[in-house]
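Good morning, and thank you for coming. Please look at the display before I go on.

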Amino acid sequence: MPLNWWTRQRHYFLYMLREFTALPMALWLIWLLYEISGLRSGAHGYTPPRSGLFVAFSVVVLLFSLYHSYTFLKLAGVIMRIKVLDRQIPSRVIVFTMFGAWAVASAVIAFVLIWFAR
Amino acid sequence: MADKTITVRAARFDPEHDKEPRLQSYEVPFYDESMVVLDALNHIKNHIDGSLSYRWSCRMGICGSCGMMVNGTPKLTCNAFLRDYWPRPVVVQPLNNFPLIRDLVIDMDDFMHKLKSIKPWIIRKQELPLGAGEHRQTNEQIDDFRQFSECINCMLCYAACPIYGLNEEFLGPAATALARRYNLDSRDEGLKDRLPVVAEAEGIWECSFVGECSVVCPKGVDPAKAIQQTKLDTTMRFVLPYGNRE
């Protein structure tokens, strides 16, 4: 296999992109854990970076996480076999339900964060 | 339209003289919109160059013999219409990821070995006597495995799978789909015979869900789904209490 095999087809490229998105997300989360660890010395120990570069990186990571979540939920719906009254639930129903649950969970978390930040 | 032609660039490889496969161009009459790539290869073989080697048999998408790379995509050449490529040339190469024997003929021993390893037949702990009648199944029970039983062993999924290309020890899409076909069959009791092959590191766990195997399948089988569902089932068997029961 040549090293550039993943550039041959759009599908391969999207697969590599999907897998790659986990890397910057992991870096961002490690950075978040590091920031949170500063709270051990009190509220003044929490000093999130405010540089434009970090904000830009965070926006990119947000886009990556949205793409990763989208692909995960889309594929997870294909995998799951759920039977109700001996009948298989169609994949699209599972996918739709999971996207709905994702939207609700995001809204609840956003509400809680904004509520406590006030 | 009798003088319309299409250029077919077919891979040629003679193991006794060539180090690498090379492409050879042929001008083939394209007189009928229903002509497929296999027709073009047969024309070359019959009228231009009898030394061209390739496999084919049924010409109707059932035997799975005529799988080749057509313009870089794994396809059954009996199901790849020239009208979809004309007036551009058609490049025909042997299936990716397999050792090459000659021209467009690949060595399928590895696949046959893997296919056999998952025991693609109904296994019973104890055979019922013929007098006991048929093994009856409901429509729902058949629906559980029906799509996985459509596999014709054409190996297009292996040619499309980069994981198999990078690690030939990988059990691969078609073999896993067939293992699932029998594991889901209500008449079968061979799950524990297949698990040692399917659930090992080079089995389902090697797959990272590229999904191209399901895209190229000419019979609408979804091997990627079979592999991921087997991962889920195998994990549940490990995690859940009493999950290891059959």
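Leaving aside neighbours within four places in sequence, B:Arg180 is in contact with B:Phe148, B:Ala226, B:Gln229 and B:Thr230; two residues are in contact if their C-beta atoms, placed from the backbone, lie within 7 Å. Please keep in mind that this is a predicted model, in which local features need pLDDT of at least 70 and side-chain atom pairs count only at pLDDT 80 or more, while totals for chains, interfaces and linings use all residues. Residues are numbered from 1 along each chain as its sequence is written, and chains are lettered from A and ligands numbered from 1 in the order in which they are written.

Where does B:Arg180 lie? It belongs to helix H6 of chain B, residues 173-183. Helices (H or I, at least four residues) and strands (E, at least two) are DSSP runs, numbered from the N terminus. Is B:Arg180 buried or exposed? B:Arg180 is buried, because 25 other C-beta atoms lie within 10 Å; the cut-off for buried is 20 or more such atoms, exposed means 12 or fewer, and partly exposed is in between, with C-beta atoms placed from the backbone. The C-alpha atoms of B:Arg180 and B:Pro120 are separated by 9.3 Å, although these residues are 60 apart along the chain.

I turn now to the sheet of chain B. It is an open one of 5 strands, in the order E2-E1-E5-E3-E4, with mixed pairing. Its edge strands, E2 (22-29) and E4 (73-76) of chain B, each pair on one side only. Two strands pair if DSSP finds at least two bridges between them. In general, strands of a sheet pair through backbone hydrogen bonds, either parallel or antiparallel. Strands E3 (residues 67-70) and E5 (residues 90-93) of chain B pair in the antiparallel sense over 2 bridges, and B:Val70 has B:Val92 in E5(B) as its bridge partner.

Helix H1 of chain B, residues 37-48, lies across strands E1 (5-12), E2, E3 and E5 of that chain and runs at about 90° to E2(B). Axes are lines fitted to C-alpha atoms, for helices over the stretch in contact, and angles run from 0 to 180 degrees between N-to-C directions.

Finally, chain A. This chain has 4 helices and 2 strands, following the pattern α-α-α-β-β-α along the sequence. Its radius of gyration is 19 Å, well over the 13 Å that the globule rule gives for 118 residues, so chain A is more spread out than a compact globule. That radius is taken over C-alpha atoms, and the globule rule is 2.2 Å times the number of residues to the power 0.38. Of the 118 residues of chain A, 2% count as buried.
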